[in-house]
Structure formats: C-alpha cells, structure tokens
Amino acid sequence: LDIGSGAGLPGLIIAINQPQTEVTMSEKNKKKAYFIKKTIRTLQLENAKILDEAITPKLIIENKFDIVTARALASVVKIIKMSKHLLSKEGKFLLMKGAREKINEEVAQLENNTYSYTIHKTKNTETNRHILEITQK
C-alpha cells in the first residue's frame with residue numbers, strides 16, 4: 001500500500017518493476033487519482049490499483065498489506081496512526097525520508113515496546129535521503 005501516492009510514486013514504479021507484486025495506491029485528490037488510474041490503464045498494469053480516498057483509522061479494507069509505504073506525506077507517527085490497522089501481522093512500513101537528524105526526531109516519538117526500526121541510506125550520494133524501515137515487535 002502506497003499512501004498519498006500523488007502522481008503515483010513510488011507505487012507505479014514498484015508495479016512496473018515487480019509485476020508479481022500487487023500494488024495498491026491511495027490518493028484522496030480526485031485529479032491525481034484519475035491520473036494514476038489512467039496511467040495504470042495505459043501501461044496495462046494488471047498488478048496495480050488505486051483507492052481514491054484518504055487512509056484513516058476508520059477506513060475498512062478487506063485485505064491487510066505486507067508493506068505500507070509513503071513519500072513526503074506526514075510524520076512517522078501520523079503515518080502509523082492512519083494506517084497501522086491495514087498492516088499485516090508480519091508487515092512493515094518502508095517510509096521515504098530525508099535527513100537522518102529529522103528521522104531521529106520522528107522515531108524518538110515511537111512506542112519503543114511496539115515498534116523497532118532501521119534507517120537505510122540510499123545509494124544516491126547527491127541527496128540526503130533515507131528509507132526508514134519500521135516493524136512491529
């Protein structure tokens with residue numbers, strides 16, 4: 001599940017590069033959701049779909065997700081609060097974040113007895129980008 005997909009990043013890229021993986025993107029902005037829907041149809045991505053609604057704690061979806069991802073959406077705590085009910089028991093959050101200092105501030109607010117995390121530096125040496133991997137204990 002890619003929350004707040006915007007123009008479809010990274011959800012569309014994942015769907016293209018991993019055709020065996022089911023990818024659901026969520027975008028509450030109807031114009032952006034329409035763009036993603038049209039792109040899915042144009043590229044004939046049978047493994048991708050779009051939910052044109054916001055992810056909230058009240059949203060009920062039948063299936064749980066193994067991975068929940070987001071890029072430039074909200075703080076770690078907000079993302080977890082809005083979507084933790086959609087994560088499978090063995091699932092994980094993979095969040096695209098920027099500076100390590102900011103990530104450290106955000107993960108300091110996590111419940112240590114509930115979540116563990118790993119910060120991965122991206123291979124791009126020109127930017128200060130990281131992937132924050134969060135798992136439930």
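Seven strands form an open sheet of mixed pairing, in the order S3-S2-S1-S4-S5-S7-S6. Strands are DSSP runs of E with at least two residues, helices are runs of H or I with at least four, and both are numbered from the N terminus. Two strands count as paired if DSSP finds at least two bridges between them. The model is predicted: local features need pLDDT of at least 70, side-chain atom pairs count only at pLDDT 80 or more, and totals for chains, interfaces and linings use all residues. Residues are numbered from 1 along each chain as its sequence is written, and side-chain values use heavy atoms, with hydrogens and water left out.

The edge strands are S3 (48-51) and S6, each of which pairs on one side only. Strand S1 (residues 2-3) and strand S2 (residues 23-26) pair in the parallel sense over two bridges. Asp2 has Met25 of S2 as its bridge partner. In a regular strand, side chains alternate between the two faces of the sheet. In S2, Val23 and Met25 point one way, while Thr24 and Ser26 point the other way. All of these S2 residues are buried. Buried means under 20% relative accessible area, exposed means over 50%, and partly exposed lies in between (1.4 Å probe, protein chains only).

The largest nonpolar core has 22 residues. Such a core is a set of buried Ala, Val, Leu, Ile, Met, Phe, Trp, Tyr and Cys residues joined through side-chain atoms within 4.5 Å. Phe93, Leu95, Leu132 and Ile134 touch the most other members. Two or more residues each come from S4 (65-71), H3 (76-83), S5 (87-97), H4 (100-107), S6 (115-121) and S7 (130-136). H3 gives the largest share, four residues. A further core lies apart, with 10 residues, among them Ala15, Val23, Ile36 and Ala48.

Helix H3 is largely enclosed by the rest of the structure, because six of its eight residues are buried. These are Val76, Val77, Ile79, Ile80, Met82 and Ser83. Their cover includes S1, S4, S5, H4, S6 and S7. Val76 and Ile80 are also in contact (heavy atoms within 4.5 Å) with Ile134.

The structure holds three salt bridges. Each is a side-chain nitrogen of Lys or Arg within 4 Å of a carboxyl oxygen of Asp or Glu. Lys30 pairs with Asp52, the closest N and O atoms being 3.7 Å apart. Lys30 lies in helix H2 (residues 30-43) and Asp52 in the loop between S3 and S4, so the pair ties together parts that are 22 residues apart in sequence. Lys30 is exposed, at 52% relative accessibility. Asp52 is partly exposed, at 35%.

Lys92 forms a salt bridge with Glu133, with closest N and O atoms 2.9 Å apart. This pair links distant parts of the chain, S5 and S7, 41 residues apart. Lys92 is partly exposed at 28% relative accessibility, whereas Glu133 is buried at 18%. Glu106 and Lys97 meet through their side chains in a salt bridge of 3.1 Å, N to O. Glu106 is buried, at 9% relative accessibility. Lys97 is buried too, at 13%.

Key: Lists of a residue's contacts leave out its neighbours within four places in sequence.
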